[in-house]
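Here is a short report for a reader new to this protein. Look at the chain first, then read on.

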Amino acid sequence: MAVHLEPRPAAGSFAWKREPNTKPTNSPLPSRAPTPMICPVAASTPLLCPIPARLSRPLLPETAVGTRATGNSHPRLRPNGRNLRRFRSGLSPALAAAAPTMDLSPRKDLYPHVEPYDTGRLKVSDVHTIYYEQSGNPGGHPVVFLHGGPGAGTSPGNRRFFDPEFYRIVLFDQRGAGKSTPHACLEENTTWDLVSDIEKLREHLDIPEWQVFGGSWGSTLALAYSQTHPDKVTGIVIRGIFLLRKKELDWFYEGGAATIFPDAWEPFRDFIPEDERNCFIAAYSKRLTSSDANLQIEAAKRWTMWEMMTAHLIQNHENIKRGNDDKFSLAFARIENHYFVNKGFLPSDSHLLDNVDKIRHIKAFIVQGRYDVCCPMMSAWDLHKAWPEAEFKVVPDAGHSANEIGVAAELVSANEKFKSMLRK
């Protein structure tokens, strides 16, 4: 299942201002009317009130948060929480009550676009060469982004979940996807090949250990990799949980999701003759691996369009257009179907749940859209019950896609929490 990104509006902030020529001193104020100042309230609603006589230094030390955080040409000023508490303690009870309570919750808006400082290709087998890129801080905390599908590839927007001043952001296109070659190739393309590729890439980049981030199929791969190499994982953030169980595949490809999106389902269904509709995954496999290139393309577009039309709570027409892209659809549909026909190459239906003990000690965040049709919440719930130590967040007004505002906000928040923990 694929991961797509769109920007989210930046959150508002408090403004802290002093009227010109109002300099606090240690001496008592004259008997004249008190010098006005603007109290710390929302910038749009200034409130005049007197300066306390005993306030002898600027009200609040300010820390510049540069254009990276706001996207503006001027720094945004953010009050320091410890000094805010010191400031409040020095005020009269009435003024202390009027001063705002500082919101110390993690950032939730996406970061601005950044460009890679390094790109490359790594030959991982006799058949496959994968594309990778690095952005952000070369000396920062490493994080690897695992895209969805399988077969969707990465996009520039995937970098925006991470603070580029803190994180060393590693993206790569999995076998046959995106810029990796050969395109849409199914040979030597399994879950365990991809797990091996992640390790090869980590070693190639000389990274001792890293944070793992993935959504949809990326969550499947994140769990498989982390359970195989738990000693190389500093933390896990996963979204739109997909455990690749039969009941999940049946739900989406054998008629369950069709009850919610019948209009999107019918073109997907009608491409297959009635006598083959007992298993749509198998029927599409025949066409996606056909020697007829035109048949492959048409099957790929039908398969891809079905998912693009169901990935959002409110359908996203820009995303739906991707279903008409021959090159994208061919890799997306062929590789995805290849994995699903083979049950994810997992040894059992419950393999990822059965091996949670191997990663139970790793700090993790699970984010799930309540109305996710592609990867219904039952899978996230099952994982949550098996792994209660992981922080679990249900977004009440979202579907599957990572570009939905609530989902993106919780993913950024999870990364910010990791950043805070790592800085301590």
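Strand β7 covers residues 141–146. Six of its six residues are buried, so β7 is largely enclosed by the rest of the structure. The cut-off for buried is under 20% relative accessible area. This is a predicted model.

The side chains of β7 point two ways. His141, Val143 and Phe145 point one way from the strand. Pro142, Val144 and Leu146 point the other way. Both sets are buried.

Which strands are joined to β7 by bridges? One is β8, residues 167–172. Another is β9, residues 210–215. Strand β8 runs parallel to β7, and strand β9 also runs parallel to β7. The table sets out the bridges.

| Strand joined to β7 | Residues | Bridges | A bridge pair |
|---|---|---|---|
| β8 | residues 167–172 | five bridges | Pro142 with Arg168 |
| β9 | residues 210–215 | four bridges | Phe145 with Phe213 |

Pro142 is buried and has Arg168 of β8 as its bridge partner. Phe145 is buried and has Phe213 of β9 as its bridge partner.

Now step back to the whole protein. Its secondary structure comes to 14 helices and twelve strands. The protein has 424 residues, and 55% of them count as buried. It exposes about 18700 Å². Carbon and sulfur atoms supply 53% of that area.

Technical notes
Residues are numbered from 1 along each chain as its sequence is written. This is a predicted model: local features need pLDDT of at least 70, side-chain atom pairs count only at pLDDT 80 or more; totals for chains, interfaces and linings use all residues. Side-chain values use heavy atoms; hydrogens and water are left out. Helices (H or I, at least four residues) and strands (E, at least two) are DSSP runs, numbered from the N terminus. Buried means under 20% relative accessible area, exposed over 50%, partly exposed in between (1.4 Å probe, protein chains only). Accessible areas come from the Shrake-Rupley method with a 1.4 Å probe; for residues, only the protein chains shown count as cover. Two strands pair if DSSP finds at least two bridges between them.
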